[in-house]
Amino acid sequence: MAPIIEAEGLTKRFGDVQALDGLSITAESGHVTALLGPNGAGKTTFVSAVATLLRPDSGTIRVAGVDARTDPKRVREIIGLAGQYASIEPAMTGTENLRMVARLFGLGRSDAHRAADEVLERLDLADAGDRLVRNYSGGMRRRLDLGASLVGRPQLLLLDEPTTGLDPRGRQDLWAAIRDLVAGGTDVLLTTQYLEEADQLARHVVIVDHGRVITAGTPDELKDQAGRNVIEVRPRSAGDLPAVEETLAQIGCEAPHTDMDTQRVSARVEGGGDQLRDVVRLLDERDIEVDDVGLRRPSLDEVFLAVTGTQLDPSDTDPDPQSADADAA
Amino acid sequence: MTTTDSRTTGLAAPSTIPHGTGAGFVTASLQSAKRTILQFFRTPQLLMLGTVQGALFLFMFRYIFGGAIRVPGGLSYVDFLVPGFLVTGILWLGMPASSGVAEDATTGVYDRLRSLPIPRASVMFGRSLADTALTMWGLFVTAVLAFIVGYRLEADVLDVVLALALIVLVAYCFSWVFITIGLISKTAQAANGMATLLVIPVAFISAAYVPATTLPSWLRPVAENQPFTVFSNALRSLTLGSPRAFGIGHTTTYWVVLTLIWCAGIFLVFSTIAIMRFSRQR
């Protein structure tokens, strides 16, 4: 079977901005692929190209084997698009919105009604179906927006920063909905600035920056690429912090780091379990009481830092959803 | 989280929804139109503006400026005014479409619609149908008030039907101008500004509210030859029976044919620009 998305050598220039710079991505069917990168990395541009909203300057895109350049209409039969904006009509009810999109997908009247009801049920919005969307919360709107792309039962769902701007509860709910979809057999390509989101949802993560692929793999592979595991110790009393740091210095391969806020000392280590046992033994010998000691894998944040040399911190970016990336598209 | 679990099981069940391969042109146009119309009637600001604006202006022209304006041929001002007023009402009532279109373009609504397997032009056709319907709603309210403030028709039924058809046609063709403005603007505010800049001179530098003969000589050629003067004169001819009586110089047929030519030109140019603009892949 052809990969659900096969993009090769995509380039796209907007004035002075090289939004895509030789981007090549293959997404296999059967799991979530996450495109991870900061604002302006080219994520939205890529999604727009897959959705046939824009035409790359060069390169090819195949969606389930269909060429997006020569046969955009058939690509549109395969995809559903939900974006960082909730593109639903606030002056219509949830049910009306879904029925409208279902009709546009080509369903007959009774099928459209059934599709709307089923999707509302699935997204936990059945009770709100008769309310005008302008009275929905932000999280409900995003879920309805997701639902609007589902009523036509697309094979591939494109989600462009689906949780940007949502509160943690809304994000959790949307994640649950996305997991459900994947379990139901829909392929998903999602873009995100949140490493945690990629980690939570995707089996294939592609890190992009400046319109290029920096690295790709499963979250675990990426964590392996970033290298070493980390041992973290939290002593019972803050007075022991220097002693803990000294201990870790003997084991770790780099100078340990003490975080005064969380009262934790961490050090990257070559290896894992053996080193952890050594740390525990040494701490025991020195009679240092600890609240917590553990071995953890590097987070995707650390991976991103390791491969791009820059920190990915969405909380730091422009709160306006229509920032660089969107403008570039 | 228990809700998550129950939802997961709910979803694993096979769906009965068929896979959609896209609506045809007519269905897609009507669905798009329905959205715009619901938006209008359920958004109090839009509804208020689109309903009472015409009536308010008519009241002012009739009772505030009207007393100072003399029209030739012994015609009462209200009878002179109303045909021109209705036709320029198409401008005032159509204006909000520009910002509406610009908003849909910037908020991602149009991206969603463009990603669907429907003919892209249908979205724009739906919009133009809806805008025409909304303009006609506003004109209907205005016309009711026109009769209340003393306007009387002096024409046979056929001419009135023809006049009505012309108004619908002008409203439809001109809706494409506002759609185009909305599509080429980067924000809703910019679209509104551009539409205002177009509407004010086109509405006022015309024979819609006053006879063109009262304008200074350098402005008259502009006023006499622009489409809204043509439309106004066509409606006057049809509804007042005797065009020569108030100096518009030509027969009813002349004005009607000229109106049709203007409408065809405006429609062809602006619908082409709008549809190309909407459908293009960036």
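What percentage of contacts in chain A between residues at least 6 apart in sequence join residues at least 24 apart?

1. **Contacts and the model.** In chain A, 69% of the contacts between residues at least 6 apart in sequence join residues at least 24 apart; two residues are in contact if their C-beta atoms, placed from the backbone, lie within 7 Å. Please keep in mind that this is a predicted model, where local features need pLDDT of at least 70, side-chain atom pairs count only at pLDDT 80 or more, and totals for chains, interfaces and linings use all residues. Residues are numbered from 1 along each chain as its sequence is written, while chains are lettered from A and ligands numbered from 1 in the order in which they are written.

2. **Chain A overall.** Chain A holds 12 helices and 14 strands (DSSP runs numbered from the N terminus: H or I with at least four residues for helices, E with at least two for strands). The C-alpha trace of chain A spans about 75 × 45 × 35 Å along its principal axes. Of its 329 residues, 50% count as buried. A residue is buried if 20 or more other C-beta atoms lie within 10 Å of its own, exposed if 12 or fewer, and partly exposed in between, with C-beta atoms placed from the backbone.

3. **An enclosed strand.** Strand β3 of chain A (residues 32-36) is largely enclosed by the rest of the structure, because 5 of its 5 residues are buried. V32(A), A34(A) and L36(A) point one way from β3(A), and T33(A) and L35(A) point the other way. What does β3(A) pair with over 5 bridges? The partner is strand β8 of chain A (residues 187-192), in the parallel sense, and there T33(A) has L189(A) as its bridge partner. β3(A) also pairs in the parallel sense with strand β9 of chain A (residues 204-209), over 4 bridges; L36(A) stands opposite I207(A) in β9(A). Two strands pair if DSSP finds at least two bridges between them.

4. **An open sheet.** In chain A, 4 strands form an open antiparallel sheet in the order β2-β1-β4-β5. Its edge strands, β2 (17-27) and β5 (66-67), each pair on one side only. Strand β1 (residues 5-14) and strand β4 (residues 58-63) of chain A are joined by 5 bridges, and T11(A) stands opposite S58(A) in β4(A). Helix α1 of chain A (residues 43-50) lies across β1, β2 and β4, running at about 120 degrees to β1(A).

5. **Two packed helices in chain B.** Helix α3 (residues 44-65) and helix α7 (residues 120-148) of chain B pack at an angle of about 35 degrees, with axes 8 Å apart. Axes are lines fitted to C-alpha atoms, for helices over the stretch in contact, and angles run from 0 to 180 degrees between N-to-C directions. Among the residues making this contact are G50(B) and L58(B) of α3(B), and L134(B) and W137(B) of α7(B). By class, the contact has 8 nonpolar, 6 polar and no charged residues (nonpolar: Ala, Val, Leu, Ile, Met, Phe, Trp, Tyr, Cys and Pro; charged: Asp, Glu, Lys and Arg; polar: the others, Gly among them).

6. **A buried glycine.** G100(B) belongs to helix α5 (residues 96-106) of chain B. Why is G100(B) called buried? G100(B) counts as buried because 25 other C-beta atoms lie within 10 Å.
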